[in-house]
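Welcome, and thanks for taking a look at this model with us. Below is a short tour, in a few stops.

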Amino acid sequence: MSIKEQYILALDQGTTSSRAILFNHDGIIIGSKQIPFSQIFPKPGWVEHDPEEILATQIEAAQGAIASAQIESDQILAIGITNQRETTVLWEKGTGKPVYNAIVWQCRRSSGICDELKAAGNETEIREKTGLVLDAYFSGTKLTWLFRERPDLRVRAERGELLFGTIDSWLIYRLTGRHATDPTNASRTLLFDIGKRRWDEGLLEMLGVPEEILPEVLPSSGFFGTTKKEFFGTAIPVRGVAGDQQAALFGHACFEPGEAKNTYGTGCFTLMNAGPFPVASEHNLLTTVAWDLGKGYTYALEGSVFIAGAVIQWLRDQMGLLADSAESEDLARSVPDTGGVYLVPAFVGLGAPYWDSEVRGTVVGITRGTTRAHFVRAALEAIAYESRDLLDAMEQDSGRKLTSIKADGGASANSFLMQFQADISDRCVVLPEVTETTALGAAYLAGLAAGYWSGLEDVKRNWRRRREFRPAMDESTRAGLLAGWDKAVASARSFR
Ligand code: ADP
C-alpha cells in the first residue's frame with residue numbers, strides 16, 4: 001500500500017469529550033468524530049469520570065472517524081494517543097475493570113493532603129525532582145487520597161493485583177493489553193524524577209504509593225502495543241503518546257529551543273521548548289517533559305492562565321454583555337482603547353508568575369464615560385496581558401529570546417485579541433493552517449515512529465501558517481499600557 005492510501009489515527013481524549021481524527025501525509029484532516037461524556041460531581045470541588053465511558057466513547061469516536069473518512073481500518077498505519085493530563089485511574093490487572101472512578105485533574109479532594117505535605121516540609125524535594133508545584137491538580141496526591149480512603153485497595157495494590165495509569169495508560173491497557181505510559185504523562189504524576197528519568201522511590205514513599213502499580217515509561221514516539229482485533233477489525237499499532245499540551249507543542253512543530261505555543265481556551269496554556277536539559281523556574285512556572293523521541297528527553301517550561309476565554313463566557317452568560325463570544329471582537333474594535341479601564345479576571349486567583357490563590361477579580365479605572373465596549377475590550381486585553389506576563393517569565397527563566405508565539409484554541413479566532421497580543425508582548429503571533437494541533441501532535445509522534453514521516457524536517461514542511469500578527473504598537477504606548485496593567489494587578493492583590 002502506498003503512503004497515499006495510508007493514514008494516521010489520533011485519539012484525543014479530552015476533559016469533556018473523546019475525539020478521533022484521521023490525518024493524511026500532508027497533515028490534513030480526512031475524517032473526525034467527537035463524542036461528549038458525563039461529568040460526575042460527587043461533592044463541591046470534586047470531579048470524576050467513568051473510565052469505561054471514556055473508553056467506550058473513545059472507541060466509538062475512532063470508529064466514527066474511520067467511517068466518515070470512508071477508509072478501511074487496515075489503511076491506518078498507526079495510532080497516536082493524546083489525553084487530558086493528570087487524571088488518575090486505578091484498575092484490576094486481571095480483568096481490566098476500574099476499581100474507582102477516574103479522579104479528574106480539576107478535582108480538589110486531595111488539597112488537604114497537599115497542605116499536610118507542605119507542612120512536613122516536602123515542597124522543595126518535590127519541586128526539584130518533578131519540576132511541579134505541590135498541588136492537588138497532579139496525580140500523586142489523588143492516589144494518596146484513594147489509598148487512605150480505601151485501605152482494601154492498598155492491600156490489593158501491594159499484592160500486585162491493581163494497576164495505575166493516567167488516561168493514556170488506561171486506553172493503552174484496554175486497547176492493547178500493555179501497561180505503559182510516556183514521559184510527558186509520567187512527568188505530571190508527582191512520582192517521576194524528570195532529571196533521572198525514572199519513578200522515584202522517595203516520592204513513592206512520601207505519597208504512600210506502592211511501586212507495583214506503576215506503568216512502564218516508554219518513548220513518546222515508539223511502540224506501545226497493538227490494538228486487539230475486536231476494536232477496529234484489524235490490529236493497529238499504537239506508536240505515539242503525549243499529554244494534550246505537549247502534543248500541541250509538537251503539533252505546532254516547536255522543535256527548536258525557545259519556540260512556544262499558547263492555547264487560548266477556557267484558560268490559556270503556554271508551553272515553551274526548553275531544550276535537552278530541565279530548566280528550573282524562578283517564576284513559579286512548571287518544568288516538564290515536552291517529549292521523548294527515543295534519543296533523550298526534550299523539556300518544556302509551562303505556565304497557565306486560569307481564566308482566559310472564560311472571561312468572555314462570563315461576560316456573555318453571567319453579565320449578559322454579549323450575545324455570543326465572537327461579538328466581543330467587533331465591540332472591542334468599536335472603541336480606540338478601554339478608556340483607562342483594566343479588568344483583572346482573577347476569579348479563582350492568579351497563576352504563574354504570581355501564583356496567588358487568594359486574589360479575586362477586579363475592575364479599575366471606570367468613569368461616567370465607560371461603555372459596554374470599553375468593558376469587553378478590557379476583558380479581551382486582560383487575556384493578552386496575562387499571557388504576556390507568562391511569556392516574559394519564560395524568557396527570563398530560559399535565557400532564550402522568545403520572538404514568536406504559535407496560537408490555537410477557541411479564542412484564537414478573535415483577531416483583535418491576536419493583534420493586541422502581538423502588540424502588547426512585542427512578539428509575532430502565528431496561527432497555523434490546521435488548528436487541531438493537539439491531535440496533529442499525537443499523529444506526528446505516531447507517524448514518525450512508523451516511518452510515515454521521515455523526520456522532524458518532514459513534519460516541519462507540513463506546518464503551514466494561516467495568518468501572522470506582527471507587533472505594531474509604539475514602545476511608549478506599550479510601556480504606558482503595561483504600567484497600568486501592573487497597577488491594576490497590584491490593586492487586585494491589595495484587596496483581600
Ligand atoms: P476549551 O477547549 O478550553 O473548552 P476552546 O478552545 O473550545 O476551550 O475555547 C472556548 C473558549 O474560547 C470559551 O471560553 C469562549 O468564551 C472563548 N471564545 C470562543 N470564541 C471566541 C471569540 N471569537 N472571541 C473571544 N473568545 C472566544
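## A buried threonine

In this predicted model, Thr141 has a relative accessibility of 0% and therefore counts as buried. Its place is in helix α4, which covers residues 139-149.

What does Thr141 touch, once residues up to four places away in sequence are set aside? The list is Ser110, Ile113, Cys114, Leu117, Leu134, Asp135, Ala136, Leu190 and Leu207.

You will find Thr367 in the loop that links β19 (362-364) to α13.

The side chain of Thr367 comes to 3.1 Å from the backbone nitrogen of Gly369.

## Around the ligand

Now let us turn to the ligand. The residues around it number 13, and those that come nearest are Thr266, Gly309, Ser325, Gly410 and Asn414. Sorted by class, this shell holds nine polar residues, four nonpolar ones and no charged ones. Helix α11 (residues 309-317) supplies the largest share of the shell, with four residues.

Which residues have polar atoms facing oxygen or nitrogen atoms of the ligand? A polar backbone atom of Gly410 lies 2.8 Å from a ligand oxygen, and a polar backbone atom of Ala310 lies 3.4 Å from an oxygen of the ligand. Asn414 takes part through its side chain, where an N or O atom is 3.0 Å from a ligand nitrogen. On its own the ligand would expose 580 Å², of which the protein buries 67%.

In soluble globular proteins, nonpolar side chains tend to be buried together. Here, the largest nonpolar core has 61 residues, and the members that touch the most others are Val311, Ile312, Leu315, Val344, Ile383 and Met418. Helix α13, residues 372-398, gives this core its largest share, 14 residues.

Apart from neighbours within four places in sequence, Met418 is in contact with Tyr264, Ala407, Ala411, Ser412, Val429, Leu431 and Phe469. There is also a second, separate core of 45 residues, with Val47, Tyr100, Trp145 and Ala157 among them.

How values were computed. Residues are numbered from 1 along each chain as its sequence is written. This is a predicted model: local features need pLDDT of at least 70, side-chain atom pairs count only at pLDDT 80 or more; totals for chains, interfaces and linings use all residues. Side-chain values use heavy atoms; hydrogens and water are left out. A residue is near a molecule or strand if one of its heavy atoms lies within 4 Å of it. A polar contact is a pair of N or O atoms within 3.5 Å; within protein, one must be able to donate a hydrogen and the other to accept it, and residues adjacent in sequence count only if both atoms are side-chain atoms. Accessible areas come from the Shrake-Rupley method with a 1.4 Å probe; for residues, only the protein chains shown count as cover. Helices (H or I, at least four residues) and strands (E, at least two) are DSSP runs, numbered from the N terminus. Ala, Val, Leu, Ile, Met, Phe, Trp, Tyr, Cys and Pro count as nonpolar, Asp, Glu, Lys and Arg as charged, and the others, Gly among them, as polar. A nonpolar core is a set of buried Ala, Val, Leu, Ile, Met, Phe, Trp, Tyr and Cys residues joined through side-chain atoms within 4.5 Å. Buried means under 20% relative accessible area, exposed over 50%, partly exposed in between (1.4 Å probe, protein chains only). Contact means heavy atoms within 4.5 Å.
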